[in-house]
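Visitor: Hi! Could you walk me through this protein?

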Amino acid sequence: MVFWEGYVSDEAMGTFAPILVYWLYAGLYQLLPPLDNYRLHTRREEDDKNSVPLPSVVKGVLLQQLVQATVAQGLFMLTSKANISGITVQPSIPVQIVQIVIAMLVMDTWQYFVHRYMHQNKFLYRHVHSQHHRLVVPYAIGALYNHPLEGLLLDTFGGAISFLVSGMTARTAVIFFCFAVIKTVDDHCGLWLPGNIFHILFQNNTAYHDIHHQLQGLKYNYSQPFFPLWDKLFGTYMPYNLVKRPEGGFEARAVKAMKD
């Protein structure tokens, strides 16, 4: 039993909960004080290097979420596992955990290869993926700031394929997609906060993805949002050191760059 049972359908929750969670979690980061002692980039760097204003970022994210919600509703309708009484029998907790792990691996696989191809194909990078890299200094609200085509191919299709391959129900999908959204937002938050559970449990984290947004890391650290598996297997893994800046905060400094 879940807290929304009897109030909202699993399909509606699977469609709209990830959107709500995105704005709540990203908004929380946006409302935090500057926290200069934990930033991976200074506020001046954010102002100087990012070439897109916040209102445009918000509009871009909302457009992507509109497409995602439309696809999600259609997907849930087509794959409904409800019986003749309209009840969906939920698998056991261990089965749901396995399904979530499978979905994580499928999503990572899809996103790695599509993401990498968007960097290798000059046309796609220039006209599509470069929009995301206008945020050289990532921040939480910009986690899903993408060209609409990239949002469809990378995130929406990736989520749909993860859902279908794992065989999860809409109820399990609520948990998986909300978790994926929180992880994605955290990876773009630009802060290295003490005790952050994602930094402790995942090697693919805020600093890892920050390297990819740097000029020397554009062709490295494609993996997102969970594990660095494919980067390590295909030679696109760039390790880094966290260096404390004299003026406060940290810098994710690529190890290769430090050796040059």
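Visitor: Is Leu233 buried or exposed?
Guide: Leu233 counts as exposed because its relative accessibility is 57%. Here buried means under 20% relative accessible area, exposed means over 50%, and partly exposed is in between, using a 1.4 Å probe and protein chains only. One note before we go on: this is a predicted model, where local features need pLDDT of at least 70, side-chain atom pairs count only at pLDDT 80 or more, and totals for chains, interfaces and linings use all residues. Residues are numbered from 1 along each chain as its sequence is written, and side-chain values use heavy atoms, with hydrogens and water left out.

Visitor: Which helix is Leu233 in?
Guide: Leu233 lies in helix H10. Helices (H or I, at least four residues) and strands (E, at least two) are DSSP runs, numbered from the N terminus.

Visitor: And what nonpolar surface patch is Leu233 part of?
Guide: One of about 740 Å², made by Ile93, Ile97, Val101, Leu105, Phe113, Leu229, Leu233 and Phe234. Patch residues have over 30% relative accessible area and no salt bridge; nonpolar side chains (Val, Leu, Ile, Met, Phe, Trp, Tyr) are joined within 5 Å, and like charges within 9 Å. The areas come from the Shrake-Rupley method with a 1.4 Å probe, and for residues only the protein chains shown count as cover.

Visitor: Which helix gives the most to the nonpolar patch?
Guide: H4 does, with five residues. Helix H4 (93-120) and helix H10 (229-233) each supply at least two.

Visitor: Let's zoom out. How many helices and strands are there?
Guide: The protein has eleven helices and two strands. Its radius of gyration is 19 Å, close to the 18 Å that the globule rule gives for 260 residues, so the protein is as compact as a globular protein of that length. That radius is taken over C-alpha atoms, and the rule is 2.2 Å times the number of residues to the power 0.38.

Visitor: What do the two strands, S1 and S2, form?
Guide: They form a hairpin with five residues between them, and Gly248 in the turn has a positive phi of about 115°. S1 (residues 240-244) and S2 pair in the antiparallel sense over five bridges; two strands pair if DSSP finds at least two bridges between them. Tyr240 stands opposite Ala254 in S2.

Visitor: What does Arg253 form with Glu251?
Guide: A salt bridge, with the closest N and O atoms 2.9 Å apart. The term means a side-chain nitrogen of Lys or Arg within 4 Å of a carboxyl oxygen of Asp or Glu. Arg253 is partly exposed, with a relative accessible area of 30%.

Visitor: How many salt bridges does the count come to?
Guide: Nine by this rule. Among them, Asp10 pairs with Arg171, their closest N and O atoms being 3.0 Å apart. That pair links distant parts of the chain, 161 residues apart: Asp10 sits in helix H1 (residues 10-31) and Arg171 in helix H7 (residues 170-187).

Visitor: Are Asp10 and Arg171 buried or exposed?
Guide: Both are buried. For contrast, look at the salt bridge between Arg44 and Asp48, at 3.5 Å between the closest N and O atoms. Arg44 counts as exposed at 65% relative accessibility, and so does Asp48 at 55%.
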